[in-house]
Amino acid sequence: VSSDAELVERARTGDRQAFRALFLTHRNATARLLSRLVPAPEVEDVVQEVFLQVHRSLDAFRGESRFSTWLYRLTMNVARMHLRRQRSRPKLTLAGQDEAGQLERPELETPEREAERNERMRALDRLLACLSEKKREALVLHDFQGVPADEIAKLLEVPVMTVRTRIFYGRRELYAALAQEPVLAALVQSLLSASEAPVQARRAAREQESAAPGKAASAESRALRGDKP
Amino acid sequence: MSHAPKQLALEAYASALLSARATARVERHLAACTVCRAALAEVQAYAQLCEEARAETFAVPSWERLEAALDAPAKSAPPKSARRRQTGKLIALSWPLLALAAALAIAWLGKSDPEAAPRAKVAQQAHSPGSLPTPRMVVGFIGLLTGHATLVHNGVETPITLDSSVHEGDVLRTASDAQLHVQLAAGTGFALGSGTELAIARLRAGETELALAAGRVTSEVAKLAADARYHVLAGELHARVRGTRFWVERRAEVAVFVHEGQVEVARGNELLAQLTPGQGYPAARFSTPAASPAREPRVHFAPNELSHAVSLLLSAPPALRAFVVDGAAIPATSTLALRLPLGPTELTFEDQRGHIRTVQVDLNAPLTKLEPAALAELIAPKPGPVGYLSPEQISAVVRQAIDPLRRCYERNLRIEPKLAGKFALRIRVSAEGRVVRAELDVQAKLPIELERCIELEAQKLVFPKPEGGGPLSFEVPLNLKSTH
């Protein structure tokens, strides 16, 4: 299997098969990154735009960073340009439907859980869209693509501390905004209820102990405290 | 830990990155602090969302699609370095060749005799472009005809029928009640409006030159090869195109209007205008939406289908107002002759009350003639099964057309920047799920070009087969909103 560097070198000389291999290797990761940056129905087109740009700009890749890092940077630029173009584009929508919501995210007939998960993803996208471009990019690269902060720093050409700050504040804004989306608020509530259960159990056990001092604690409360039965 | 939750500590705890001692400390605090438990739930929820997002799959373009885009003209340039290397190679090879050529030239000049020059000229002529094989002749077929039209072939003028063919050097004339369409190749053809005279100056593979003496010719040109050309001459002006749809009119003045693609309008070598969709020449004539041109019928065939085509003659019964061909209404004042593919086909009519009726006919004879009585019986309303599609099914299909519809809108915004509003798109779907009619409500008052574009895009939609086995009609509400 050829490395990215070899494939890039061959693709530069016009080797179509090498470029095909690069495309097939990286198209899914590119789509995943774009999916959090541009509206879902446009992801496929923007992926295509990215790789056309890659083909035109292979000369600009100097090999100083990994190909994937360079590709991410190029993807971010294409996504930014795409969003700026979209913002100035006129709207044609189905009346009564929110373009940012329903129209751009056709509901699919899926099993209940998958439908719920899809709904959560759409809600997450709406929240991400509310973040500033800088925070969104740092967060998407780090939390959704798994790119380390130092690599993001190189990619965005900012100090690594700036990246960490953007991630920190980006997450903080998202945490606070989760309550705005009912489906995400429900998720938080279910996790909170799950964490409350052991606390309630401990509290009940304590109350029982204080009501009957000297008696042996129940097996359940002993287990919750980590005591040996 | 205070009641202002420490985000980093909670994130580290949720990711199990803390030491056992720190974990125990956080857990002790969590047990007593509802604020931090709520904050932890948010952190955990976000972590779950990240995980779900990483597992999501997306539609990605295929290699075939990307390769087609790479090979498309103007975008297909190989990487610059490859070009540079190729050029470098050529230069590297050409230096010795140039040196050799220079040496031979010097030697030849030294020995040149006066007779050698004419011989060289003759040899050059033998390889000049003028001596290349002449492109083969193309024959046009009549696809649609209504009213009286004639064809002048070899100096003899005869009435046009569906059996007529059109050759280079012919002249076509339509009377004031006539319209006709000539098919040249797959996706390429032209329609003559009423009162038109058109000479076919050149009709060869890759070379079409139409000379308009009077009236209007509307052309539809499939994407041409790099060296191909399609020109319409009208007096001093000529319109040059690549892949496009446009019309040229010659009455008191010459006018050009572009539906799709790009057209250059020139006088001799002087370029007068480069027109894009929705633009016309002279610009003053097309400055208001009211001046937008009416729609014209188009009849599409692949050439191989033409050999299997049959002729259909429709004589209009009194109850009929118009024949509807490809979304354009042709007044039912005389017989309409159509060349259609063999087999079942749907015919659409507009009755005197403005109702659109569609009937199925099976064309299996070389010539099918529907007399007024037979046609009247066919189009008489008959109770039949009514189809059903759920709003979700309709919406899912219409959403796919949003981008093309938006492009229609964008093109028209160039002419009318304040164009906006809500309107209804009426769609009729056949029992098979095909769109048999798509039209905007008359209240929309949109430029005719926008209406036409939206209707054409809507006609491309394919719906699931309606339940109940019958056709159905419905309205799709649309919003136009400009950001300007």
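**View 1. A:Phe144 is tucked away, with a relative accessible area of 3%, so it counts as buried.** "Buried" here means under 20% relative accessible area, while exposed is over 50% and partly exposed lies in between (1.4 Å probe, protein chains only). Keep in mind that this is a predicted model, where local features need pLDDT of at least 70, side-chain atom pairs count only at pLDDT 80 or more, and totals for chains, interfaces and linings use all residues. Residues are numbered from 1 along each chain as its sequence is written, chains are lettered from A and ligands numbered from 1 in the order in which they are written, and side-chain values use heavy atoms, with hydrogens and water left out. B:Tyr46 is buried too, with a relative accessible area of 4%.

**View 2. Twelve aromatic pairs turn up over all chains.** Rings of Phe, Tyr and Trp (its six-membered ring) pair if their centres lie within 6.5 Å; planes under 30 degrees apart are stacked, over 60 edge-to-face, and the rest tilted. Take A:Phe67 and A:Trp70: their ring centres are 5.7 Å apart and their planes sit at 40 degrees, so this pair is tilted. The two are three residues apart in helix α4 (residues 67-87) of chain A, which puts about one helical turn between them. Helices (H or I, at least four residues) and strands (E, at least two) are DSSP runs, numbered from the N terminus. Both A:Phe67 and A:Trp70 are buried. Now back to A:Phe144 and B:Tyr46: with ring centres 6.2 Å apart and planes at 85 degrees, they make an edge-to-face pair. This pair crosses between chains, linking helix α7 (residues 133-144) of chain A to helix α3 of chain B.

**View 3. The largest nonpolar core has 78 residues.** A nonpolar core is a set of buried Ala, Val, Leu, Ile, Met, Phe, Trp, Tyr and Cys residues joined through side-chain atoms within 4.5 Å. Among the residues with the most contacts inside it are A:Phe19, A:Val50 and A:Phe51. Helix α3 (residues 34-55) of chain B gives the largest share, ten residues. Leaving aside neighbours within four places in sequence, A:Phe19 is in contact (heavy atoms within 4.5 Å) with residues including A:Phe51, A:Val54, B:Trp63 and B:Leu66. A:Phe19, A:Phe23, A:Phe51 and B:Trp63 also form one aromatic cluster.

**View 4. Strand β1 (residues 140-146) of chain B is mostly covered, with six of its seven residues buried.** Strands pair if DSSP finds at least two bridges between them. β1(B) runs antiparallel to β6 (residues 179-185) of chain B, joined by five bridges, and B:Thr146 has B:Gln179 as its bridge partner there. Three bridges join β1(B) to β20 (residues 336-341) of chain B, also antiparallel; here B:Leu145 partners B:Ala337. With β4 (residues 165-166) of chain B, β1(B) pairs in the antiparallel sense over two bridges, and B:Gly140 stands opposite B:Val166.

**View 5. A:Glu181 sits in the loop between α9 (160-177) and α10 (182-211) of chain A.** At 12% relative accessibility, A:Glu181 counts as buried. Not counting residues up to four places away in sequence, A:Glu181 touches A:Ala123, A:Arg126 and A:Leu127.
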